Protein chains: 2
Amino acid sequence: MPKGIIENSENYQPGLSIDCVIFGFHDNQLKVLLIKTPYEEKWSLPGGFVPLEQDIDTAAITVLNDRTGMEGIFLRQFSTFGRVKRNDKHFNDLVLEYYKIPKEAGKWFAQRFVTIGYYALVDFLKAIPHKENSKEKIEWIDHKEVPELILDHKEILDKALATLRIELNLMPIGYNLLPEKFTMPELQKLYETILDKKLDRRNFLRKITNIGILTKLDEKKSNVAHKAPNLYSFDKDRYEEVLKNGLNQGW
Amino acid sequence: MPKGIIENSENYQPGLSIDCVIFGFHDNQLKVLLIKTPYEEKWSLPGGFVPLEQDIDTAAITVLNDRTGMEGIFLRQFSTFGRVKRNDKHFNDLVLEYYKIPKEAGKWFAQRFVTIGYYALVDFLKAIPHKENSKEKIEWIDHKEVPELILDHKEILDKALATLRIELNLMPIGYNLLPEKFTMPELQKLYETILDKKLDRRNFLRKITNIGILTKLDEKKSNVAHKAPNLYSFDKDRYEEVLKNGLNQGW
């Protein structure tokens with residue numbers, strides 16, 4: 001990626017990048033989409049730069065689409081990272097050396113960069129990770145088994161996860177991550193996986209029901225030996241409304 | 001302000017600014033600190049640029065200190081604004097014309113700027129608004145009587161207020177904004193003023209007590225005719241702990 005951009009750097013916002021933390025959930029597993037470039041032993045978050053003629057949000061959506069083929073996915077800006085020391089001359093040298101870019105032409109890339117972090121949560125079975133070139137690796141990696149990352153990408157990832165956990169208290173999740181009809185234990189498992197803790201069954205049922213985004217269906221899960229659990233679906237209108245206005249569980 | 005920076009622009013991160021939404025609370029009033037520069041009819045948020053050798057958070061703290069004389073105040077990054085159209089050629093021309101800066105030298109200032117928003121909440125009686133030059137105005141303005149603002153500053157202000165309201169659900173506020181000893185109605189009024197709505201007295205008492213940051217004092221408010229209300233203070237250790245870890249009223 002950087003080569004084309006370094007050669008056309010006048011078309012990009014200087015010193016500004018985008019990094020995307022793309023969380024993937026499926027079947028009680030929470031993963032994160034990571035890249036290994038050919039010029040660095042460490043892995044990194046998928047990212048990009050901001051074309052001068054593009055809003056920063058659009059630039060972030062472009063990274064997500066390019067890397068997963070997914071569109072219309074909830075992508076949320078969560079923080080901007082701008083410590084002076086987040087930049088790393090050694091890393092820059094590796095990139096420039098790999099692409100055989102002379103130091104003079106690589107000045108743009110070697111300047112101080114501030115990066116805007118975005119996160120998304122998708123079903124990792126529906127997303128198709130896309131490499132930008134044959135020498136790159138891109139993989140869904142379990143969020144508890146993340147290898148060493150470049151620069152401050154671990155800090156960015158940690159903050160994205162902390163933000164996702166906080167935002168579970170502010171808005172609903174689950175649409176697109178669960179089957180159309182799901183059981184209460186399946187929904188609870190989604191929350192438990194993201195929060196990385198066990199939740200009390202009765203409390204969870206009470207709280208999630210109070211939000212009013214669920215429709216209890218007139219059918220039960222089949223293929224279950226005893227006590228078939230009830231099936232639910234999301235009330236999409238109400239879900240969208242709560243997503244827009246927040247859970248309002250507050251003061 | 002911009003003059004010195006435009007002339008030394010090589011020492012600043014290009015295309016990046018900081019804008020600070022400084023809320024001031026005192027005695028049931030919520031105000032915001034605004035500036036009127038001599039070259040624009042509209043008011044603006046106090047802001048600045050990012051020296052190459054300074055972290056973005058430090059640059060934000062510098063703006064707050066320079067403008068209010070306050071230190072050690074909670075200042076929180078809440079969003080970065082980067083629509084292409086947020087820049088305004090007319091506004092740039094006004095600045096350059098006012099400072100009699102030739103177009104060529106003003107190129108740095110005329111480029112596309114992305115801005116990082118920070119907000120703070122201070123006691124407006126303790127903050128002393130500081131002008132950068134004699135032709136500038138700087139004032140605490142009631143948040144419901146904000147005049148027209150430059151660029152997207154109204155959007156930045158609105159988002160800061162929305163974030164502050166959401167964060168009332170995530171962390172405690174009040175320290176430094178109330179007298180050392182305060183009554184429950186005084187604390188409730190702080191929340192009501194920020195949220196701009198009436199709260200139920202019993203619910204508020206129950207919720208705020210559950211957080212465990214208050215110490216009920218063995219004295220009552222004096223100078224009150226009937227039924228002198230109890231006095232409270234913040235348990236500072238517990239307050240700091242909750243500020244760090246969040247209210248955890250969640251799942």
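Me: How many salt bridges does a search of the whole structure find over all chains?
Reply: The general idea is that side chains of opposite charge can pair when their charged atoms come close. In this structure, which is a predicted model, a search over all chains finds 26 salt bridges.

Me: Which residue forms a salt bridge with Glu136(A), and how far apart are the closest N and O atoms?
Reply: The partner of Glu136(A) is Arg67(A), and the closest N and O atoms of this salt bridge are 2.9 Å apart. Glu136(A) lies in the loop between β5 (114-123) and β6 (137-142) of chain A, while Arg67(A) belongs to helix α2 (residues 56-68) of chain A, so the pair ties together parts that are 69 residues apart in sequence.

Me: Are Glu136(A) and Arg67(A) buried or exposed, and which residues are linked with them in a network?
Reply: To read burial, take the relative accessible area of a residue and call the residue buried when the value is under 20%. Both Glu136(A) and Arg67(A) are buried, and a network of salt bridges links Arg67(A), Glu132(A) and Glu136(A).

Me: Where in chain B do the residues of the salt bridge between Arg83(B) and Glu155(B) lie?
Reply: In this salt bridge the closest N and O atoms of Arg83(B) and Glu155(B) are 2.7 Å apart. The pair links distant parts of the chain, with Arg83(B) in the loop between β4 (75-81) and α3 (89-98) of chain B and Glu155(B) in helix α5 (residues 153-167) of chain B, 72 residues apart. Arg83(B) is partly exposed, with a relative accessible area of 37%, and Glu155(B) is also partly exposed, at 38%.

Me: How many residues apart are Glu241(B) and Arg238(B) in their helix?
Reply: Glu241(B) and Arg238(B) are 3 residues apart, about one turn of the helix, and both lie in helix α8 (residues 236-245) of chain B. Glu241(B) forms a salt bridge with Arg238(B), in which the closest N and O atoms are 3.3 Å apart. Glu241(B) counts as partly exposed at 43% relative accessibility, and Arg238(B) counts as partly exposed at 30%.

Me: Which residues point one way from β5(A), and which the other way?
Reply: The general idea is that in a regular strand the side chains alternate between the two faces of the sheet. From β5(A), Val114(A), Ile116(A), Tyr118(A), Ala120(A) and Val122(A) point one way, whereas Thr115(A), Gly117(A), Tyr119(A), Leu121(A) and Asp123(A) point the other way, and all are buried. The strand β5(A) is accordingly described as mostly covered, with 10 of its 10 residues buried.

Me: In what sense does β5(A) pair with strand β1 of chain A, and in what sense with strand β4 of chain A?
Reply: Strand β1 (residues 12-26) of chain A pairs with β5(A) in the parallel sense over 10 bridges, and within β5(A) the bridge partner of Phe25(A) is Asp123(A). Strand β4 (residues 75-81) of chain A pairs with β5(A) in the antiparallel sense over 6 bridges, and here the bridge partner of Leu75(A) in β5(A) is Ala120(A).

Me: Which residues form a positive surface patch?
Reply: Arg201(A), Arg202(A), Lys216(A), Lys220(A) and Lys227(A) form a positive surface patch, to which α7 (201-211) and β7 (214-220) of chain A each supply at least two residues.

Definitions and conventions: Residues numbered from 1 in each chain as written. Chains lettered and ligands numbered in written order. Predicted model: local features only at pLDDT ≥ 70, side-chain atom pairs only at ≥ 80, totals over all residues. Heavy atoms only, no water. Patch = residues over 30% accessible without salt bridge, like charges linked within 9 Å, V, L, I, M, F, W, Y side chains within 5 Å. Areas by Shrake-Rupley, 256 points an atom, 1.4 Å probe, with all protein chains shown as cover. Salt bridge = Lys/Arg side-chain N within 4 Å of Asp/Glu carboxyl O. Lys, Arg positive; Asp, Glu negative; His and termini not counted. Charge placed at Lys NZ, Arg CZ, Asp CG, Glu CD. Helix = DSSP H or I, 4+ residues; strand = E, 2+ residues; numbered from the N terminus. Buried < 20%, exposed > 50% of the residue type's maximum accessible area, 1.4 Å probe, protein only. Pairing = 2+ DSSP bridges.
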